[in-house]
Amino acid sequence: MAPQMLSAASKLTFKVHRRQPELVSPATPTPREIKLLSHMDDQQGVLRFHVRLIFFYKYEDDNSNGGKNRDPVEVIRKALAETLVYYYPFAGRLREGSDQKLVVDCNGEGVMFIEADADVALDEFGDDLLPPFPCFEDLLFEVEGSSGILNSPLLLIQVTRLKCDGFILALRHNHAMADAAGLTLFLTTLSELARGDHAPSIHPVWYRHLLNPRVPARVTRAHEYDATEPAAEAETFACNDNVQRSFFFGQSDISALHRLLHPHQRERVTHFETLTSFIWRCRTAALKLDPNTEMRLKFIVNARPKLKNPPLPPGYYGNAIVTPVAISTANELTERPLDFTLRLVREARLSVTEDFFRSLADFLATNDQPLYEAATLLVVSDVRRSGLENVDFGFGKPLYGGLAEARAGDFQGLIFYATHKNTKGETGTVVLICLPAPAMERFEKEVKDVLSGGNCKNDFKYHFYFTA
């Protein structure tokens with residue numbers, strides 16, 4: 001069974017009427033101070049970008065919270081002001097201090113908020129609500145002068161009522177302030193206060209000093225920034241016709257991928273390792289690079305469970321992520337068995353320990369931090385356990401809640417994994433990926449050829465193993 005390629009109703013068009021953007025400040029006075037970000041937050045070439053998310057809601061409000069008369073715009077705007085009392089740094093602005101290090105000016109200016117209405121019903125978006133979404137630029141309007149990393153609002157939220165009993169919440173947040181786990185904490189508090197709670201279930205803490213470099217710094221590992229400058233981008237990636245698509249992988253697809261592995265690998269392989277190895281191979285083949293091109297894979301790992309000395313408190317909402325790297329050539333990835341690629345992915349994943357994290361913090365404090373934005377780099381972000389799909393403002397859980405696009409700033413080599421239940425009721429993993437249009441066609445064919453049992457192209461060989 002080949003994976004299902006999913007896309008929103010791409011031909012759908014509609015109009016969105018927006019009211020004047022406004023700044024929402026904390027509901028009560030908050031401290032005016034300067035807060036330092038950690039070196040993990042302030043990775044100049046890596047985390048200084050905005051992340052865009054979107055949540056679709058069908059109005060399932062119950063009478064316990066005021067019934068159908070509750071306006072989601074007013075509910076969320078009020079709860080946002082209350083949430084900023086606890087998360088008041090989000091109401092401030094990022095500034096550059098000495099040595100270009102970021103600090104938060106907690107001045108209480110507020111976050112950007114937009115109220116809107118759209119002449120479209122929820123069911124017009126199609127049965128499978130998955131990115132890319134039509135008219136997204138109207139559902140999250142970029143207010144002029146608000147999109148800078150420095151001296152700009154750290155959050156932009158737009159709540160759009162639909163012409164049915166539904167609404168859309170879209171937001172843009174500055175990644176230097178929080179990772180996926182941290183943003184989920186913020187949204188959880190926002191949803192709790194919107195449902196009428198008087199305080200967050202988990203109180204946020206700043207505590208960025210817990211990730212300070214050691215004294216003296218001890219870089220004990222080789223880190224991803226040590227890698228040599230990658231080769232020039234492929235000609236196909238330099239074009240301007242990049243497209244985004246979502247692919248659904250059900251359990252039968254994962255089982256088919258397992259058959260590509262040697263029997264002794266199947267017993268200890270993880271879902272993430274199998275899927276990531278396969279996606280890396282397919283993308284490499286689709287890009288049609290020189291066989292000797294060095295390919296690099298990074299994937300984002302939440303290091304919180306690894307940190308014991310000291311541990312991070314439950315309310316820590318800063319960046320606590322690392323990106324281990326796997327490196328190979330295009331030829332090796334496409335010609336050798338999938339077991340080879342899987343070993344590279346597993347070795348990178350298992351390299352993440354507390355010592356790795358502390359060593360990286362020391363490295364970032366004492367070294368330049370380049371950003372590689374070539375087609376040769378693939379970054380995987382797995383948000384299946386983030387909890388974004390559970391954010392409930394009192395109107396029910398979202399029909400879709402998560403990342404809106406497969407890019408980080410101008411870098412479009414980022415892909416996301418999210419949990420999704422398709423129209424058949426099957427729960428699986430959605431992979432959101434961005435590629436130039438010609439490469440996307442080849443990527444789709446590579447995936448389908450393998451998982452449907454068709455003939456693979458000669459330059460992309462698979463080795464199938466079957467137990468006796």
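**Aromatic pairs**

Guide: The structure holds 18 aromatic pairs. Rings of Phe, Tyr and Trp (its six-membered ring) pair if their centres lie within 6.5 Å; planes under 30 degrees apart count as stacked, over 60 as edge-to-face and the rest as tilted. This is a predicted model: local features need pLDDT of at least 70, side-chain atom pairs count only at pLDDT 80 or more, and totals for chains, interfaces and linings use all residues. Residues are numbered from 1 along each chain as its sequence is written, and side-chain values use heavy atoms, with hydrogens and water left out.

Visitor: Phenylalanine 56 and phenylalanine 133 form an aromatic pair; what is the angle between the planes?
Guide: The two rings are 4.7 Å centre to centre. Their pair counts as tilted, with planes at 45 degrees.

Visitor: Is phenylalanine 133 buried or exposed?
Guide: Buried means under 20% relative accessible area, exposed over 50%, partly exposed in between (1.4 Å probe, protein chains only). Phenylalanine 133 has 7% relative accessibility, so the residue counts as buried.

Visitor: Why is the pair of phenylalanine 272 and phenylalanine 299 classed as it is?
Guide: The ring centres are 5.2 Å apart. The planes meet at 70 degrees, so this pair is edge-to-face.

Visitor: Which residues form one aromatic cluster?
Guide: Phenylalanine 56 and phenylalanine 133 both belong to the cluster.

**Backbone**

Visitor: What is omega for the peptide bond from valine 215 to proline 216?
Guide: Most peptide bonds are trans. The bond from valine 215 to proline 216 is cis. Proline 216 lies in the loop between helix H3 (180–194) and strand S11 (242–249). Omega of the bond is near 0 degrees.

Visitor: What is the phi of tyrosine 207?
Guide: Most residues other than glycine have a negative phi. Tyrosine 207 is in the loop between H3 and S11. With 40% relative accessibility, tyrosine 207 counts as partly exposed. Its phi is positive, about 50 degrees.

**Buried sites**

Visitor: Which side chain of opposite charge is nearest to aspartate 253, and how far away?
Guide: Aspartate 253 is in helix H4 (residues 251–258). This residue is buried and has no salt bridge (a side-chain nitrogen of Lys or Arg within 4 Å of a carboxyl oxygen of Asp or Glu). Lys and Arg count as positive and Asp and Glu as negative; His and the chain ends are not counted. The nearest opposite charge is arginine 259, 8.5 Å away.

Visitor: Which residues does glycine 402 touch?
Guide: Glycine 402 is in strand S17 (residues 400–403). At 3% relative accessibility, glycine 402 counts as buried. Contact means heavy atoms within 4.5 Å. Not counting residues up to four places away in sequence, glycine 402 touches Leu53, Ile54, Phe55 and Leu388.

Methods. Helix = DSSP H or I, 4+ residues; strand = E, 2+ residues; numbered from the N terminus.
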